[in-house]
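Subject: Structure handover

Hello,

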Amino acid sequence: LSLAWTALEPARTMQSILLIDRAANWDEFREALRYWDAPSQNFVYADVDGNIGYQAPGQIPIRAAGDGTMPVPGWSGAYEWTGMIPFDALPSAFNPDKGYISTANNAVVGSDYPYLLTKDWDPGYRAIRIDEVLSEDSSVTRDEIQLLQGDSLSTWSRQVLPYVLALNPEDPTLFQAIGLLRSWDGRATRDSAGAALFESFRLHLAERVFKDEMGDKLFEKAIGQSLVGLLPLLEQPEAPWFDDRLTPDVEVRDDILLLALGDALEELSDTLGADMNRWRWGDLHRATFENQSLGQSGIAPIEAIFNRGPVEVDGTMSTVNNTGYDPAEPYDESKVPSYRQIIDLSDFSRSVSVHTTGQSGHPFNRHYDDMIDLWRNIQTHPMLWTRAEVEASAADHLTLMP
């Protein structure tokens, strides 16, 4: 086996970074990205004159055949790289008519794009919600952007719920559960009973639809991707995937929806109690910040010193506040938006940011974990841009003597 990867080739990325640091306008910024070889990224641009831009850079191969997603015969030459996508053909935008630029790892090109960038795009639920908010009014304020960064409305749930709300089960508990989902506002906030029920339901729905065909091991590895595959199937009430091959009956979509909802009710009754109105998403969905060395030592007293949490958090894997979890091991958070930043180009001193834990690496220092609540509550701290601001906020001075 052999592997070809652009990141293993001689790269000019450091040169690109230095040129980005010196760029004074869009043309210079974009020219700097010609030297950004790997890894490919989403670059967004803004300046004090009100211009905005987007550029996807990187050395991205053009293949004689295949798309790079599967192993291919290397000895025939039939799948060799024939070149790289020209920089000027890579996705780019400058001052688009809609008045804003957004990106959330979603596809930035359509099916008519002449080159293959990747097949590994984010499904786009976060991007849908961002566009939904910004398309209403792109002249948002700093505080409105801060609210958007913490937005926990699930666009995925809005696409699935109509099929569930159309059901009319005879079982009173299922009927009550559908009523709970009907009254849910679609936001995965930590106090929400509807969010807890829906997140459990969607995992059980994926299991009910796909596990009998895929088997335990393959389903466990593919459960995250299988959630995306549910949406087109729901449009087909009698799609073969809905039939449980392990039963003598032939199940259809509505049968499986009710079974999955029953599975969720059973799970949450066991873990959160019988009263579904008292269920809380935050009781399931929590973040733990583990120190990557001693915090994973397996020695409980040591881990207690270096780790923080668990703390309740809002959001899911399909919300702008992207607090995803591993569907194979729900529901504790496995990935987070570790850094949030808002830059005000009209007044840099109004810029704010926050990251997940704190500025100190010493566990007994008060700054080791004093940003956790700021972060999870979508709050920020001011960024200090001038010498006067830094000196006024200084807590200590460190003098280095030769």
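In helix α4, which spans residues 142-149, the buried residues are Gln-146, Leu-148 and Gln-149. Viewed down the axis of α4, these fall within an arc of 160°, so they line one face of the helix. Their cover includes α3 (125-136), β8 (339-342) and β9 (352-355). Please keep in mind that this is a predicted model.

On the aromatic side, the structure contains 16 aromatic pairs. One of them is Phe-29 with Phe-43, an edge-to-face pair at 6.4 Å centre to centre with 70° between the planes. Phe-29 belongs to helix α2 (residues 26-32) and Phe-43 to strand β1 (residues 43-46), so this pair ties together parts that are 14 residues apart in sequence. Both residues are buried: the relative accessible area is 8% for Phe-29 and 16% for Phe-43.

A second pair is Trp-156 with Phe-198. The ring centres are 5.8 Å apart and the planes stand at 65°, so this pair is edge-to-face. Trp-156 sits in helix α5 (residues 155-165) and Phe-198 in helix α7 (residues 193-214), so the pair links distant parts of the chain, 42 residues apart. Trp-156 and Phe-198 are both buried. Trp-156 also has Arg-202 over its face, at 5.0 Å from the ring centre.

Finally, Phe-29 and Phe-43 are members of a cluster linked by ring pairs, together with Trp-26, Trp-36, Tyr-45 and Phe-94.

Regards

How values were computed:
Residues numbered from 1 in each chain as written. Predicted model: local features only at pLDDT ≥ 70, side-chain atom pairs only at ≥ 80, totals over all residues. Heavy atoms only, no water. Buried < 20%, exposed > 50% of the residue type's maximum accessible area, 1.4 Å probe, protein only. Helix = DSSP H or I, 4+ residues; strand = E, 2+ residues; numbered from the N terminus. Arc of directions from axis to C-beta. Contact = heavy atoms within 4.5 Å. Phe/Tyr/Trp six-rings, centres within 6.5 Å; stacked < 30°, edge-to-face > 60°. Lys NZ or Arg CZ within 6 Å of the ring centre and 35° of its normal.
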